[in-house]
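Hi,

Here is the structure I promised to pass on. Have a look at it first, and then read my notes below.

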Amino acid sequence: MYGSQNQRDFISFTVAEDEKYDNQKVRRRQSCWRAWKQLSRLQRAIFNIMLMLTAVCVVYLLMMPGPGPSELDIDLSRNNRIGGDALNLDDRMQALNVVDDINGQVEDMNQKEGPKRHKKGPPKLNRDRGALAVSLPVHVSGVEIPGRQQHVGDVLDKVPLRIFESREGAAAGALEDNRMGEDEEPVLHVPDDGAANRDEEVKGQQESDPHRDGDPDEESNNEPEERKDDSESQSSIYGPKNEKQEAVVAAFQHAWKAYRAHAWGHDELKPISKTYNEWFHLGLTIIDSLDTMYIMGLDKEFEEARNWVENEMNIKPNVDVNLFETTIRVLGGLLSAYHLSNDEVFLDKAKILGNSLLPAFNTKSKVPHADVNLKTGKAHAPRWGPDSSVSEVSTIQIEFRELSFITKNNIYKDAVDRVMSHLHGLKKVDGLVPIFINANTGQFRQRATLTLGARADSYYEYLLKQWLQTGKSEQIFKEDFEAAMTGVKNRLTRHSGPNNLVFVGELVNEAFSPKMDHLVCFLPGTLALGYHNGLDESYLELARSLAHTCYQMYAQMPTFLSPEIAHFNMLPGTKDDIQVKPADAHNLLRPETIESFFYLYRITKDQVYRDWGWQIFQAFERYTKIPEGGYSSISNVKNPDKPSFRDKMESFFLGETLKYFFLLFSDEPDLLPLDKYLFNTEAHPFPIRTINGAIKH
Ligand code: DMJ
């Protein structure tokens, strides 16, 4: 092909016309020497000094770490996200300066924090970061150039921390008086409105608790609890042991590979557009996946994620986050990763996060606001309304309590116990709670819906699990759970026609609605867990019936995938038990049904739950798997020809759904046994403890 052979680089120069060109080596040497001799002594001295200075500068510049390509790339992509045009050279230089500033701040902060203590690194993990080659996208002026091969270690070393604080941080600093310093920790000021007596109900049961109350400023004086190192003996229980588990691990790797290639360090993968979605700027998918990878025996992936947490995660972004979501996914994910691996990197981050979330509890009622800014500590109601969701204010307790147990500082536990104490004192309908509560007044919203679905679901789940967390020592939680389950049976449970499916509906303005969210499918698992821990036998019966209904929500759809919401038929003469409205026909890769199958299989050993689970796993594979990588939620479970991808892979698909599949197919009796472990609502396992916080095993 023309021009493709013997290609070389050329330089050109001009020779004066009257000068004969003679480029012999001897002549070149002679003419240089002559020119040197013609210089005065002063000129030669100046020349020598200049030469030496240049040499020193060159050596210095060579030793300085220059801005790596990924620094510029990331900053440019950020500009693109906030609507910037293609950057010119000045912009690029400015971008590099910003990165330098940020790196300087990070260094300052790190110096303040002092060196990290590692009690013990993660066991049996390949720490050879250079061995991992990954194809990471390169962003240049917002345009992604895929497929550049780099060593992960190289890339991670160059990516600066705290990228997105550079501009927003400055603005926040100007606005907020109560802005916290990097190493400053918040103190929880809870106004006393005379409700201290109600607090005593919970506190009275904790008299033997030796933990002192304290503020987190003193927290560093406390040595974290001593941990038993059983990781070596435990390591053989992790990893797949049969074909179905191998299929689940392969699904995880398929999801992870795409997340890693297109969304690394961001919250969620968008697998169709091969980019990412940012929600809290906390790398949600990485954190939610940590313990799943650990349990699946994916050591290399775990190690890479762990290094991201240590070196790149910004745990205090200047972002308003949802208290509940951040607690269950991030605080929960970090604490369970710490518990499994004994790696203090996770605990260090968890402590900072716990402190950053505490300002949400600074309300008169002690019921927290829904949202809080992790950097400024400013908390507020959700943008869309005045009230907090009841499920959200009551599904943070296990994580905050665990943080107190580990740090031996009760500030976290006290904050969430006050909420439970307050909720306990409020008037309910047969043990059932409305879905909204106002953080200022502390009162439920009048006539709000009663449901086991969205905005109330995990209130009930955490009643039982708080009772279990401290070895069944706090009876108040058990009593409230039993009262609520009586309410569920009396007021919300019905049968559909023609197949007599048991379902749990809602009370809207006191009228019954036969609507059941897929979210309600957590309930069979929770009821089974209650039965397993000595509660009424009828709980298991109801759990089995409801699990069958949840299975039917999948099996009766042409895709074998459940809709987000089902309506059950209660009229005679209708053919289908389940009706799905067009707006409710989406599937978000949710875990609840598989979670319940896991509990029911563990407790009853009935093979049917594994068979049902395997059918659903295959449906996920068939309709939600994206061949090039990742899984996507879909818009229409009723149309197998056109399920319509929603271009989103939720972090809970890796954190919960695939984890519960893996556990459902496990025959390993020692893999997170239910008598020793408690799963938070995001499927992060926590140890069961005694009232004093000691781990039971
Ligand atoms: C998860 O974040 C948690 O399970 C939560 O309790 C409910 N919603 C999602 C999964 O569906």
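**Around the ligand**

An oxygen atom of the ligand sits 2.6 Å from an N or O atom in the side chain of Arg590. Before I go on, please keep in mind that this is a predicted model.

Glu592 has a polar side-chain atom 2.6 Å from a ligand oxygen, and for Glu656 an N or O atom of the side chain is 2.9 Å from an oxygen atom of the ligand.

**Aromatic rings**

Next, the rings. A pair of aromatic rings is described by the distance of the centres and the angle of the planes. The count here comes to 30 aromatic pairs. One of them is formed by Phe481 and Tyr539, an edge-to-face pair with 6.0 Å from centre to centre and 80 degrees between the planes. Phe481 belongs to helix H18 (residues 475-492) and Tyr539 to helix H20 (residues 537-555), so this pair ties together parts that are 58 residues apart in sequence.

Another edge-to-face pair is made by Trp614 and Phe665, with 5.7 Å between the centres and 80 degrees between the planes. Trp614 is in helix H22 (residues 608-623), while Phe665 is in the loop between helix H23 (651-664) and strand S17 (677-679), so parts that are 51 residues apart in sequence are tied together by this pair. With a relative accessible area of 22%, Trp614 is partly exposed; Phe665, at 3% relative accessibility, counts as buried.

Trp614 and Phe665 also belong to one aromatic cluster, along with Phe617, Phe620, Tyr631, Phe653 and Phe661.

Two rings have a charged residue over the face. Lys244 lies over the face of Trp614, 5.1 Å from the ring centre. Arg494 lies over the face of Phe512, at 4.0 Å from the ring centre.

**Two helices to look at**

Lys244 also turns up at helix H9. Asn242 caps the N-terminal end of H9, with a side-chain oxygen 3.2 Å from the backbone nitrogen of Lys244. H9 covers residues 243-262, and at 1.5 Å a residue its 20 residues should span 28 Å; the end C-alpha atoms are 29 Å apart, which agrees.

Helix H10 (residues 284-296) can be checked in the same way: its 13 residues should span 18 Å at 1.5 Å a residue, and the end C-alpha atoms are 19 Å apart, which agrees. Where does H10 bend? The place is Leu290, and the bend is about 40 degrees. H10 is mostly covered, with 13 of its 13 residues buried. Just after H10 comes Gly297, which takes a positive phi of about 75 degrees.

**Backbone details in the loops**

Most residues other than glycine have a negative phi, and most peptide bonds are trans.

- Asp430 has a positive phi of about 55 degrees although it is not a glycine. You will find Asp430 in the loop between helix H16 (411-425) and strand S9 (436-437). At 29% relative accessibility, Asp430 counts as partly exposed.
- Asn509, also not a glycine, has a positive phi near 50 degrees. Asn509 is in the loop between strand S12 (506-508) and strand S13 (511-513), and at 45% relative accessibility it counts as partly exposed.
- Gly497 and Pro498 are joined by a cis peptide bond, with omega at about 5 degrees. Pro498 has its place in the loop between strand S10 (493-495) and strand S11 (502-504).

**One last residue**

Finally, go to Pro669, in the loop between H23 and S17. Is Pro669 buried or exposed? Pro669 counts as exposed, at 60% relative accessibility, where the cut-off for exposed is over 50%. How far is Pro669 from Arg602 in sequence and in space? They are 67 residues apart in sequence and 9.2 Å apart in space, C-alpha to C-alpha.

Over to you!

Key. Residues are numbered from 1 along each chain as its sequence is written. This is a predicted model: local features need pLDDT of at least 70, side-chain atom pairs count only at pLDDT 80 or more; totals for chains, interfaces and linings use all residues. Side-chain values use heavy atoms; hydrogens and water are left out. Rings of Phe, Tyr and Trp (its six-membered ring) pair if their centres lie within 6.5 Å; planes under 30 degrees apart count as stacked, over 60 as edge-to-face and the rest as tilted. Helices (H or I, at least four residues) and strands (E, at least two) are DSSP runs, numbered from the N terminus. Buried means under 20% relative accessible area, exposed over 50%, partly exposed in between (1.4 Å probe, protein chains only). A charge sits over a ring if NZ of Lys or CZ of Arg is within 6 Å of the ring centre and within 35 degrees of the ring normal. The expected span of a helix is 1.5 Å times one less than its number of residues. The bend at a residue is the angle between axes fitted to the seven residues ending there and the seven starting there. A polar contact is a pair of N or O atoms within 3.5 Å; within protein, one must be able to donate a hydrogen and the other to accept it, and residues adjacent in sequence count only if both atoms are side-chain atoms.
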